[in-house]
Amino acid sequence: MFKFKTPSKKARETMSKVASGEIDGTNFEESCIEKIKKLTGHDEVKITSSGNNSIFIALSAIKGDIIIPDQGGWHGFKQIAKFLNKNIITLKTDFGLIDPEDIDGLDIKEDSALIYTSFAGYCAEQDAKSISKYCRNDGIISIEDASAGIGDSENRLGKHSDIILASTGSPKIINVGSGGFIA
């Protein structure tokens, strides 16, 4: 375990009190779910044990192919899809950036999904609105890993995709040390 990623003893004790409802009697899990609903614009939100668990849940629900960008994504996308015996289709990108028109040339089955990150390689912002719109028009489920884009002040990221998921571990935007969510 990396020392710099380990919460202090006081932080762990506070996290324990929060989780048990000892502070103000507030249900913090329900409070978190409501905040995530507001951030994502989705009505259904579940807290998960990790971002990878959220990816696993999302990909296991897909009946068709899993489309994965050739660059700029999380390596867990491919690993989890392989573990689930999903057919993987690689989408050619421009240094990780997705041009929705490039999906046209792919041979894609019904009930397939495109999984991508809000920021290609945590550096370049995807056009999530256009990607999601294109996917919807073509019957492709869009899954956005918004770990690096959730809470975007201009509402360009983490709001448009059919499924939005994220890690809430260190050093993510929503950093509670571990866990994740799916909306």
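1. **Lining of the largest pocket.** The residues around the largest pocket split into 11 nonpolar, 10 polar and two charged. Here Ala, Val, Leu, Ile, Met, Phe, Trp, Tyr, Cys and Pro count as nonpolar, Asp, Glu, Lys and Arg as charged, and the others, Gly among them, as polar. This is a predicted model: local features need pLDDT of at least 70, side-chain atom pairs count only at pLDDT 80 or more, and totals for chains, interfaces and linings use all residues. Residues are numbered from 1 along each chain as its sequence is written, and side-chain values use heavy atoms, with hydrogens and water left out.

2. **Space and position of that pocket.** The largest pocket holds about 700 Å³ of space. Its lining has 23 residues, and Val18, Phe28, Glu29, Cys32 and Val176 are the closest to its centre. Two or more lining residues come from each of helix H1 (9–20), helix H2 (28–40), strand S1 (46–48) and strand S9 (180–182). H2 gives the largest share, seven residues. A pocket is an open set of points on a 1 Å grid over the protein atoms alone, with protein on both sides within 12 Å along at least five of seven lines; lining residues have an atom within 4 Å of a point. Grid points are joined across faces, edges and corners, and a volume is the space filled by probe spheres set on the points. Helices (H or I, at least four residues) and strands (E, at least two) are DSSP runs, numbered from the N terminus.

3. **The second largest pocket.** Its volume is about 230 Å³. Of its 17 lining residues, Gly51, Asn52, Trp74, Ser167 and Lys172 lie closest to the centre. Helix H3 (51–60) and strand S8 (163–167) each supply at least two residues of this lining. By class, the lining has five nonpolar, 10 polar and two charged residues.

4. **The cavity.** A cavity is a set of grid points where a 1.4 Å probe fits but cannot get out. How many cavities of 30 Å³ or more does a search of the whole structure find? The search finds one. The largest cavity holds about 30 Å³ of space. Its lining is made by Thr117, Ser118, Phe119, Tyr122, Asp145, Ala146, Ser147, Ala148 and Gly149. These divide into four nonpolar, four polar and one charged.

5. Phe83 belongs to helix H4 (residues 75–83). Phe83 is exposed, at 62% relative accessible area. Buried means under 20%, exposed over 50%, and partly exposed in between (1.4 Å probe, protein chains only).

6. **Two positive phi angles.** Check Asn85: its phi is near 60°, a positive value in a residue other than glycine. Asn85 sits in the loop between H4 and strand S3 (88–91). Asn85 is exposed, with 71% relative accessibility. Phe95 is not a glycine, yet its phi is positive, at about 55°. Phe95 is in the loop between S3 and strand S4 (113–117). Phe95 is exposed, at 70%.

7. **A salt bridge within a helix.** The structure has five salt bridges (a side-chain nitrogen of Lys or Arg within 4 Å of a carboxyl oxygen of Asp or Glu). One joins Lys37 and Glu34, with the closest N and O atoms 3.5 Å apart. Why are Lys37 and Glu34 separated by about one helical turn? Because they are three residues apart in helix H2. Lys37 is partly exposed at 25%, and Glu34 is partly exposed at 41%.

8. **Salt bridges across the chain.** Lys109 and Asp65 also form a salt bridge (3.8 Å, N to O). This pair links distant parts of the chain, 44 residues apart: Lys109 is in the loop between S3 and S4, and Asp65 is in the loop between H3 and strand S2 (66–69). Lys109 is exposed at 54%, whereas Asp65 is buried at 2%. Asp162 and Arg136 meet in another salt bridge (3.2 Å, N to O). Asp162 lies in the loop between strand S7 (141–145) and S8, and Arg136 in helix H5 (residues 128–137), so the pair ties together parts 26 residues apart in sequence. Asp162 is partly exposed at 28%. Arg136 is partly exposed at 45%.
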